[in-house]
Amino acid sequence: MLANLHNADIPRPVLDVLRRLRELGFAVFLVGGCVRDMVRGVPPKDFDVATSAHPHEVQGGFKKVIPTGIQHGTVTVVIGGTHVEVTTFRSEGDYHDGRRPSTVTFESDITEDLSRRDFTINAMAYDPLSRELVDPFGGQTDLQARLIRCVRDAHERFSEDGLRPMRAVRFAAVLGFTIEPATQAAIPPTLPVFRKVALERVREEFVKLLLTPRAEFGLTLLAYTGLLDVFLPELARAEPEAARQARAAAQAAPAEVEIRLAALLADLVSGSQAKDIGVQLKFPTKVAETVGLLVEHARLEARTEEGDPALRRLLAKLGLGSLESLLAVAHARIQVRAPERLPDFLRLQERLRALAAAKPPLSAKELALTGGDIMATLGVGPSPIVGQATRFLLDSVLDDPTLNQSERLKEMLRTWQAGKGS
């Protein structure tokens, strides 16, 4: 593992920041997730620097520095267009709201800084200039053992920041690790702190977990620890077999948030309830609406005997742009719940794709007559009858798309109007 660390590819601007702070006489290390990833032999997504230099001292050492979180000791050094986040070693006071410390104290010792972090695998520091690894809490050992373990007392760590239990489960799912027993045992007693966490933060962790290849394991762990019942009781309180199938369907679906969330919820709630869940979890409105739409129409196995007109009506409600997402949700569900229905579903899938490829008129704006044309044909001005006529025409062309010709539609309109008047 140390070989991975020493051979890691660290960007030149990051090394330049480390060298400059060292030249100025300060202690400086890479910390957190980047060290964890380098020890594992995984290229880090970003690099965080911790130093004994105070923010104003960092600002004085570089030409361009952005005070991104200066009150908490964090500034961003800009070198050659690269942004490098630099934070002063610090300790923290009591947490009063389950989210953030009441006070921050700058420190000179890296071990003191590491002691405030959540998990041992995130509490390592590395100096690539001297090739020194600082690992006071056994993070390297826990990486080898594939364990998520809190730094020092788990109950204390989880009581400080209510999101940490969720992060423990997410790390276990993403990395394929297990949670150390004492750390896992500290989650249920600290759920009241987790309840204080903003749902935006919960959603972010949930999405990361949901999109991992081990989503089913992560969802099971969320349920077992009681975390799931706090923000997704519809799944947590489902019958055991229904919950198991929902988790399996989510993992079987493509790793796109709308698709996996819809596969998870499709057999537990209605479309409108699924949309409400998306809203409650602070997903963007468009995402919540898409999830609701996919859940509403997810049971495609019930449509295998329907004719083309009914399937065109489904496409009209769905929109052609959502067809592949719906097929993915339905496939994942059927694969888990009723694999014997897959051949029928696959035939339906090809029918739906063929109907969509024919680009039939599915909305009023695709009719061969405009609203003005309809009024002229009927000899009326703007009125409710125009809407009725439009719905009649759309319903007719959904039955038979070949009717969508202007003269044919005008003829149909006159017949329809005569019938209404008689």
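Is Arg-131 buried, exposed or partly exposed? At 47% relative accessibility, Arg-131 counts as partly exposed, where buried means under 20% relative accessible area, exposed means over 50%, and partly exposed lies in between (1.4 Å probe, protein chains only).

## Basis of the report

This is a predicted model, in which local features need pLDDT of at least 70 and side-chain atom pairs count only at pLDDT 80 or more, while totals for chains, interfaces and linings use all residues. Residues are numbered from 1 along each chain as its sequence is written, and side-chain values use heavy atoms, with hydrogens and water left out.

Helices (H or I, at least four residues) and strands (E, at least two) are DSSP runs, numbered from the N terminus.

## The sheet

An open sheet of mixed pairing is formed by 7 strands in the order S3-S4-S5-S2-S1-S8-S9; two strands pair if DSSP finds at least two bridges between them. At the edges stand strand S3 (65-69) and strand S9 (132-134), each of which pairs on one side only. From one strand to the next, the twist averages 35°. Strands of a sheet pair through backbone hydrogen bonds, in either a parallel or an antiparallel sense.

Strand S1 (residues 28-31) and strand S8 (residues 125-127) run antiparallel and are joined by 2 bridges. Val-31 has Ala-125 in S8 as its bridge partner. S3 also pairs in the antiparallel sense, over 3 bridges, with strand S4 (residues 74-79); here Val-65 stands opposite Val-77 in S4. Helix H3 (residues 33-40) lies across S1, strand S2 (48-51), S8 and S9, and runs at about 70° to S1. Contact means heavy atoms within 4.5 Å. Axes are lines fitted to C-alpha atoms, for helices over the stretch in contact, and angles run from 0 to 180 degrees between N-to-C directions.

## Positive phi values

Most residues other than glycine have a negative phi. Arg-131, in the loop between S8 and S9, has a positive phi near 60°. Arg-146 likewise is not a glycine and has a positive phi of about 60°. Its place is in the loop between helix H6 (139-145) and strand S10 (147-148), and at 42% relative accessibility Arg-146 counts as partly exposed.

A glycine with a positive phi is found in the hairpin of S3 and S4, which has 4 residues between the strands: Gly-73 has a phi near 90°.

## Helix H23

Ser-396 lies in helix H23 (residues 384-399) and counts as buried because its relative accessibility is 14%. The side chain of Ser-396 reaches the backbone oxygen of Phe-392 at 2.9 Å. Leaving aside residues up to four places away in sequence, Ser-396 touches Leu-403 and Met-412.

Asp-395 is also placed in helix H23, but at 38% relative accessibility Asp-395 counts as partly exposed. The side chains of Asp-395 and Arg-313 are joined by a polar contact of 2.6 Å. Such a contact is a pair of N or O atoms within 3.5 Å; within protein, one must be able to donate a hydrogen and the other to accept it, and residues adjacent in sequence count only if both atoms are side-chain atoms. Asp-395 and Ser-363, 32 residues apart in sequence, are 9.5 Å apart in space, C-alpha to C-alpha.

Leu-265, in helix H16, is buried, with 0% relative accessibility. With residues up to four places away in sequence not counted, Leu-265 touches Leu-232, Ala-274, Ile-277, Val-291 and Val-295.

The count comes to 1 cavity of 30 Å³ or more, and the largest cavity holds about 40 Å³ of space. On a 1 Å grid over the protein atoms alone, a cavity is a set of points where a 1.4 Å probe fits but cannot get out, and lining residues have an atom within 4 Å of a point. Grid points are joined across faces, edges and corners, and a volume is the space filled by probe spheres set on the points. Helix H15 (240-252), helix H16 (257-265) and helix H20 (323-337) each supply at least two residues of the lining. H15 gives the most, with 4 residues. Among the lining residues are Gln-245, Asp-267, Arg-333 and Arg-337.

Conventions: On a 1 Å grid over the protein atoms alone, a cavity is a set of points where a 1.4 Å probe fits but cannot get out, and a pocket is an open set with protein on both sides within 12 Å along at least five of seven lines; lining residues have an atom within 4 Å of a point.
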